[in-house]
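The structure itself comes before the entries.

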Amino acid sequence: MVTNKTKICFSSHMIVLVLIFISKILVNASENTGGSDIPVVDLSKSKYEVAQNIRNVAKDFGFFYLINHNISQVLLSKVFNQSMSFFNLSELQKLSVKQRDGYFGYTPFEEEVLDKERQYNRGDTKEGYYVRGPFANKERRPLQWETLWIDEKIIPEFKATTLEYYYRLKQLSLRLTSLIALSLNLEENFFDNKFQNPLDVLRLLHYTSEPSNISSGIFGAGQHTDYGMFTILAVLDHVSGLQIYPPRLNRWIDVPRLENAFIVNLGDQLQRWTNDYYHSTLHRVVIANTSVQRYSVAFFWEPDFECLVSCVPTICNEQELPKYEPVMHGEHLLFKFSQGHTQLDLKTEL
Ligand SMILES: *[C@@H]1O[C@H](CO)[C@@H](O)[C@H](O)[C@H]1NC(C)=O
Ligand SMILES: *[C@@H]1O[C@H](CO)[C@@H](O)[C@H](O)[C@H]1NC(C)=O
Ligand SMILES: *[C@@H]1O[C@H](CO)[C@@H](O)[C@H](O)[C@H]1NC(C)=O
Ligand SMILES: *[C@@H]1O[C@H](CO)[C@@H](O)[C@H](O)[C@H]1NC(C)=O
Ligand SMILES: *[C@@H]1O[C@H](CO)[C@@H](O)[C@H](O)[C@H]1NC(C)=O
């Protein structure tokens, strides 16, 4: 019996060593992405390899391409088709679903100012449309808003298509969340109770072809970090513009679109949960090509309003103390949201 047990222990130990060895090779391989500096995370690998991979890229980049994510390109092109149809409507039609307190909806050009310091006289040269499915609990709670949907007589497939995509991205986000837990040596379900009624939202974005001018403060999107756990971004065609400032490089680099890949970036709350071990990376959109217009779709994965974000137990202990006070996610989100969307009256939410 004793020898058997020893054998079992020995062989599982060997397997772990072999796995670590393989994952090292994979990580090295994945950092070469043909011209781009951004690493790739491949969801078709085993969950342990993916977790190790995430751990390796989360600190130095906070950004990665996600491949084999199981969301069909057919659905994605339908979403972009609906998005282009929406943004092609007249200003009057778009304003009929303009976002207001209590309702997600359309945000006109330059309504949002992500970086007040640098964007001193103009807002983001983009327009957007926040949409999401209904919240599970019906009573009116802060930031648990309804969506103002464009009339189906105007764009028949808009709601069905964007909602289908929204729910698929929710599924993908839950999967990514358990992989992130694993990457932190936590139980896979560690974050589950923090996403019971999450404040996630989908946002369609359209940028004008006006070139950005960094010295005069004109940006497609001003520099910022994202507010939640992570963001999953899809970009139409090869229209460049996204730039990030990874801690590993200390300079702005382009994030070109990679065929069939999402661009994932980690947000403020994941940085907080990990005591700065994982990085919420600054990014911005700088428009350079005036012959094309940039369309993208961002899915923001945000915990519950009441979720208290504090350092996870596998990172903080007697040796490593938390760098941050616990923060209630909804309060952080409301604060950030009101900073960017100054025209919204969020007083009733606070
Ligand atoms: C992939 O997507 C399909 C739905 O299209 C779903 O049934 C399946 O569970 C997904 N696979 C994984 C690994 O998430
Ligand atoms: C969306 O697809 C429909 C049907 O294929 C097409 O008629 C329409 O022009 C497309 N819209 C855009 C904005 O590409
Ligand atoms: C954009 O809208 C105009 C009418 O305002 C229409 O003629 C044109 O077909 C639309 N383009 C697309 C791609 O939907
Ligand atoms: C950017 O703005 C600066 C200062 O406002 C101006 O001097 C410069 O010509 C602009 N650059 C371009 C490419 O328009
Ligand atoms: C601008 O975009 C068009 C269309 O994708 C492309 O053909 C062209 O090469 C781009 N120009 C630059 C300077 O990147």
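Entry 1, conventions. I note that the model is predicted, that local features need pLDDT of at least 70 and side-chain atom pairs pLDDT 80 or more, and that totals for chains, interfaces and linings use all residues. Residues are numbered from 1 along each chain as its sequence is written, while chains are lettered from A and ligands numbered from 1 in the order in which they are written.

Entry 2, the sheet. I read strands as DSSP runs of E with at least two residues, and helices as runs of H or I with at least four, numbered from the N terminus. Two strands pair if DSSP finds at least two bridges between them. I found an open sheet of eight strands with mixed pairing, in the order β1-β2-β12-β9-β14-β7-β5-β4. Its edge strands, β1 (40-42) and β4 (106-107), each pair on one side only. β4 joins β5 (residues 126-131) through two antiparallel bridges, and Thr107 has Gly128 as its partner in β5.

I checked burial (20 or more other C-beta atoms within 10 Å of a residue's own, with C-beta atoms placed from the backbone). Six of the six residues of β9 are buried. Phe230, Ile232 and Ala234 point one way, and Thr231, Leu233 and Val235 the other. β9 runs antiparallel to β12, with four bridges, and Phe230 stands opposite Leu266 there. Six bridges join β9 to β14, also in the antiparallel sense; Val235 is paired with Ser296 of β14.

Which residues are around ligand 5? I listed His238, Asn289, Ser291 and Val292, taking a C-beta atom, placed from the backbone, within 6 Å as the limit.

Technical notes:
A residue is buried if 20 or more other C-beta atoms lie within 10 Å of its own, exposed if 12 or fewer, and partly exposed in between; C-beta atoms are placed from the backbone.
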